[in-house]
Structure formats: C-alpha cells, structure tokens
Amino acid sequence: MKLNFISFLAVATLLAGCAGNEKKTTIVTTPDTGMAADIRQHIAVLANDSLLGRKPFTRGEDKTIAYIAREFKKLGLEPGNNGTYFQEVPLVEITSASQEMKISGAATTSLKPGVDFVASTRREVDSLSLKNSPLIFAGFGVVAPEYGWNDYKGLDVKGKTVIVLVNDPGFKAKEKLFKGDTMTYYGRWTYKYEEAARQGAAGVIIVHQTEPASYGWQVIQNSFTGSKLYLQQADKHMNRCMVEGWMSEEAATKLLSAAGINGDIREYARKKDFKAVPLKSTVSLSLKNTLNYSKSHNVIARLTGSARPDETILYTAHWDHFGIGKPDAKGDSVYNGAVDNASGVAAVLAVAKKFTQQKTKPKRSIVFLAVTAEEQGLLGSEYYATHPIYPLNKTVANLNIDALSDFGETSNFSITGKGQNDLDDYVIALTKPKGWDVVGDENPGSGSYYRSDHFNFAKMGVPALDLHNGSKSIQRGEEFGKEKAKEYNEQHYHQPSDEYSEAMDTKGMAQTANLMYQLGVKLSNETTFPGWKKGSEFKAIRDKMMAK
C-alpha cells in the first residue's frame with residue numbers, strides 16, 4: 001500500500017490531538033458525512049503498511065489492538081473485560097511445509113505444492129505422513145439427513161483420503177436440491193473438513209471450482225498457505241484428519257478421469273443414486289510442522305446501560321488480515337485488508353462514537369467487540385461465543401460489520417441470510433421511510449452466512465445480523481455497483497491490492513454504519529428480545545436458552 005504521507009500524517013495528528021480531550025463534540029455535518037470522515041480516517045490508519053497486514057501473533061497485531069483500544073478509551077468507553085480492553089484468545093500457529101504430492105495407480109503423477117494443491121494439518125505434531133492412502137471420490141462429502149443425502153453411506157474411509165466438491169448439491173442444479181443456489185452449511189469448506197474427520201478419514205481434499213467456491217484459485221493459494229492459526233484444544237486436534245487441503249480443478253479433472261469419471265463432475269455427484277467411487281489410486285504426502293503457541297486478543301469496550309445494564313447489544317467486526325504474504329505482480333506483499341476488514345472496524349468505531357454523543361444513555365448496555373483471527377476460521381468470535389464475558393441469554397443481538405463496499409451510497413442494503421430472524425424486520429422498518437430496499441444476500445451461492453463472525457453467535461442461538469450496503473449506487477446506478485462488487489471479488493479480495501486509497505468513497509460505509517447505529521438505539525431502549533423465525537435452524541437453541 002502506498003498511502004500519501006501527508007494524508008497519513010494528517011490522520012495521525014488528528015487522532016493524537018484528540019487523546020487528551022474528554023469533551024464530547026457534536027457532529028455538525030449530516031450524520032453520514034461525519035461518519036464517512038471518521039471511517040476514512042480509521043481505514044487510513046488500520047490499512048497502513050506500518051500495521052504489517054494486521055496478522056495475529058505479529059507486531060502488526062500489537063499495533064492494531066493498541067490503536068483500537070486507544071480509540072475506545074478516547075471515546076470514554078469503559079474496558080469491556082474486568083478492567084481491561086482485551087480478551088486473551090489462546091491459539092496455536094501451525095506452519096506446514098509439504099513436498100510434492102505423489103499419486104500412484106490409475107493416475108500416476110506428482111503435484112506441486114502451492115501450484116496444484118495446498119495442504120496443511122491441524123494436528124499439533126512435528127511431522128506426519130500419508131503413505132499410499134487410497135483415494136476415494138466422495139461427491140460433495142455431505143451427510144444431511146433432513147435432505148435425504150449421505151455421500152458416505154456404506155463407506156469405510158478409515159485410513160483413506162476423500163476427494164470432495166466445494167459447495168452443496170443444490171448449487172446450479174437442474175432440479176431443486178437443498179436450498180437451490182443458496183449455500184447451506186453443508187457446502188462450506190469447514191463443514192467438509194469436519195465431516196471427513198467424523199467419518200474417520202485420514203485425509204480430505206476439496207476440489208476447487210471458481211463458480212461454486214465464489215472465488216478463484218489464487219484466493220486458495222494466498223489464504224490456505226503459510227502459517228495457520230487454530231484455537232488451542234486439549235486433544236491437540238488429533239480428532240481431525242491428518243491432512244486437510246485443496247486441489248486445483250485441472251489436477252482433479254485428470255485424477256478423476258483416470259478412474260473413468262469424465263464430463264460434469266458436479267452432475268455426476270448430484271445423482272440420487274450416487275455412490276462414492278474408489279479412484280484406483282493412492283496418495284502419499286509428508287508435512288513438517290513448526291508449532292508456535294501464543295495468545296491473540298479480542299478488543300472489547302462497553303457503554304453501560306442506564307436501566308437494564310445486564311442486557312447487551314453486541315457490535316462486532318474482525319480486525320485481522322493476512323499480514324505479509326505472497327507478492328503480487330507489482331511486488332507488493334503487504335495484505336492490508338482495507339475493505340476486509342479495516343472498513344468494518346472503522347464502522348464500529350464510528351458507531352461507538354455516535355453512542356457516546358447521545359444526550360441520553362441507552363437503557364441496555366452496548367458492547368463493541370473487535371475480534372481476532374476471522375481470516376483463520378472465525379476463531380476470535382468462536383472463542384468469545386464459547387467464553388462469553390456477558391451472558392448470551394442476556395445478549396439481545398449481535399450486529400456484525402464486515403467488508404463494506406467503497407463505491408458510495410446505495411439505495412438498497414443486503415442482509416446476509418435474510419429471513420433468519422426478527423432483526424430483518426427492524427432493518428426494513430428503518431429503511432422503508434427513506435425508500436431504500438432491503439434484499440437478501442446478492443450472491444447466496446457463496447455461503448456468506450457462514451463466512452463471517454456473526455455465524456458463531458447464531459450457532460449459539462443469539463440473533464445475529466450481517467448487513468452490507470447493496471449494489472444500487474445512488475449516483476451511478478445498479479450496473480456500476482454490481483461491476484464494482486465483481487471487480488473487488490475478482491481482483492482485490494484477499495489480495496495485496498485491497499488497500500487504502502484516497503479515491504475510496506466511504507459515504508456508503510457510513511450509510512450502513514449509521515443504519516446499524518439506529519438499529520442499536522432501537523434495540524437498546526426496548527424491553528423485548530428479537531427472536532429467530534420459524535424454520536430457522538437456530539430457533540430451538542435460542543428458545544431453550546431463553547427458557548432457563
């Protein structure tokens with residue numbers, strides 16, 4: 001990232017100048033304009049090269065969390081965790097180095113790491129090896145009783161390595177399967193790993209395909225190589241497969257073809273009578289691991305409610321990104337993550353500022369949580385959700401902000417997983433007077449509902465909202481907005497080019513942040529709790545929790 005030094009100095013000077021000023025000022029411009037300026041200033045700092053890409057366990061983490069805590073303190077927010085702004089998150093960093101993957105049998109070849117495949121392990125051991133592990137094509141790798149689907153039926157995969165497809169059978173199917181083009185959790189790569197482990201497989205390799213994955217192979221090469229972070233576990237992750245990885249579509253096509261599986265492999269795997277296919281080949285792969293045990297940090301602050309302080313509205317955004325990684329064509333190796341997710345943290349800080357400027361304190365407490373290691377598998381939010389500082393049955397809602405678009409104001413908003421809970425209705429009520437539309441996930445096949453921190457709170461039963469500015473650009477129209485979204489996803493998502501630019505239009509980010517603020521104000525002054533809608537898989541969890 002090449003941030004103009006004068007601009008950065010101006011931002012730094014402005015922030016430093018506010019350090020000792022306890023007077024709460026009033027925004028004199030329109031709310032969105034004032035928030036837009038605040039958001040721009042925060043992104044300029046958080047996405048600066050000096051923060052080294054904000055990777056946990058690095059100096060970049062130290063600088064990032066110090067900045068966020070300092071901003072919370074400037075706003076007059078109290079420390080959110082028993083006198084401190086930090087919640088320790090115990091993690092293990094595993095750096096796996098692999099040699100070539102040897103395929104023997106019907107298909108005999110050597111695949112290159114980082115080119116044809118990526119592989120790692122969660123097992124906390126110095127080294128491990130797959131030796132002539134039989135390969136089996138297990139379709140989508142899904143066991144879904146409610147959909148009458150079991151790719152592992154009658155299959156013993158102990159000691160074997162399964163090859164599975166990304167997404168679920170419903171995506172682009174000719175007949176209605178699962179939820180059609182809307183990905184279920186069965187389509188998420190994390191589920192594929194979890195299910196293969198439950199089945200006792202030695203290894204699991206996902207076939208990458210761009211459309212059903214919703215991102216290109218270069219994202220896998222950048223995001224699934226190098227060191228990986230995991231929450232520390234008592235069993236040292238020995239319950240997981242020895243090897244978890246991805247394979248390029250080109251390499252997979254050759255492997256499957258050698259076993260007689262040709263043509264559209266997704267159509268082949270979604271047949272009702274599909275049975276897993278032994279590929280008449282084996283795989284051998286060795287991994288050497290470097291283990292590093294340490295603690296990362298969530299950053300948490302609180303504005304105590306005036307009437308019902310034990311009830312909490314929880315705002316979240318993840319502060320982390322990928323640090324220093326593979327250089328791009330321009331030689332830039334800093335993964336600054338300006339949109340993903342300096343924008344979300346900036347928005348949460350802007351919302352926090354608005355709450356501190358209210359003349360009347362909210363009746364319920366407002367908690368602001370910047371979580372770590374989202375890019376490593378939603379780890380910081382998982383840790384908080386399983387080790388909550390404030391009881392989850394008293395947590396009214398989780399309002400999550402992740403990766404806001406930088407092309408200006410829109411006349412619509414997108415709710416990831418729209419239709420799940422009552423928070424949708426609140427958003428619709430707030431936007432209707434302004435003539436704004438509220439739509440569902442504009443790319444439902446990407447599985448976005450399972451790809452950000454709100455999911456960990458949903459899994460625990462807390463009504464969770466993930467809100468984004470939509471694609472209908474007010475100034476330049478919907479096609480422009482869709483093209484900008486496509487450009488970001490294809491050219492900048494998880495790339496060094498996701499960096500701060502003075503050309504960023506942060507007014508749309510402010511529009512979303514202001515809407516989230518208004519939602520929080522409404523929730524904070526109510527006595528009722530929003531719930532999950534009938535048919536949501538999270539409703540029973542919440543109902544049981546609230547009955548206690």
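## Exercises on loops, a strand and helix packing

L378 sits in the loop between strand 17 (364-371) and helix 10 (379-386); helices (H or I, at least four residues) and strands (E, at least two) are DSSP runs numbered from the N terminus. The model is predicted, so local features need pLDDT of at least 70 and side-chain atom pairs count only at pLDDT 80 or more, while totals for chains, interfaces and linings use all residues. Residues are numbered from 1 along each chain as its sequence is written, and side-chain values use heavy atoms, with hydrogens and water left out.

**Exercise 1. Describe the surroundings of N298 and of F57.**

Step 1. N298 is part of strand 13 (residues 277-303). Its relative accessibility is 0%, so N298 counts as buried.

Step 2. Take contact as heavy atoms within 4.5 Å. Leaving out residues up to four places away in sequence, N298 touches, among others, Y85, F86, Q87, T372 and Y384.

Step 3. F57 is in the loop between helix 2 (31-46) and helix 3 (59-74). With a relative accessible area of 19%, F57 is buried.

Step 4. With the sequence neighbours up to four places away set aside, the contacts of F57 include L91, L229, N292 and S296.

Step 5. From F57 to D328 there are 271 residues in sequence and 23 Å in space, C-alpha to C-alpha.

**Exercise 2. How do helix 9 and helix 11 pack against helix 14?**

Step 1. Axes are lines fitted to C-alpha atoms, for helices over the stretch in contact, and angles run from 0 to 180 degrees between N-to-C directions. Helix 9 (residues 338-356) and helix 14 (residues 507-524) have axes 9 Å apart at an angle of about 45 degrees.

Step 2. Under 35 degrees counts as roughly parallel, over 145 as roughly antiparallel, 65 to 115 as roughly perpendicular, and the rest as oblique. Helix 9 and helix 14 are therefore oblique to each other.

Step 3. In this pair, S343, A347, V351, K354 and F355 of helix 9 meet M509, A513, N514, Y517, G520 and V521 of helix 14.

Step 4. The axes of helix 11 (residues 423-431) and helix 14 come within 10 Å and cross at roughly 115 degrees. That makes helix 11 roughly perpendicular to helix 14.

Step 5. Here L423, Y426, V427, L430 and T431 of helix 11 meet L515, Q518, L519, K522 and L523 of helix 14.

**Exercise 3. Which peptide bond, D340 to N341, is it: cis or trans?**

Step 1. N341 lies in helix 9.

Step 2. With omega near 5 degrees, the bond from D340 to N341 is cis.

Key: Buried < 20%, exposed > 50% of the residue type's maximum accessible area, 1.4 Å probe, protein only.
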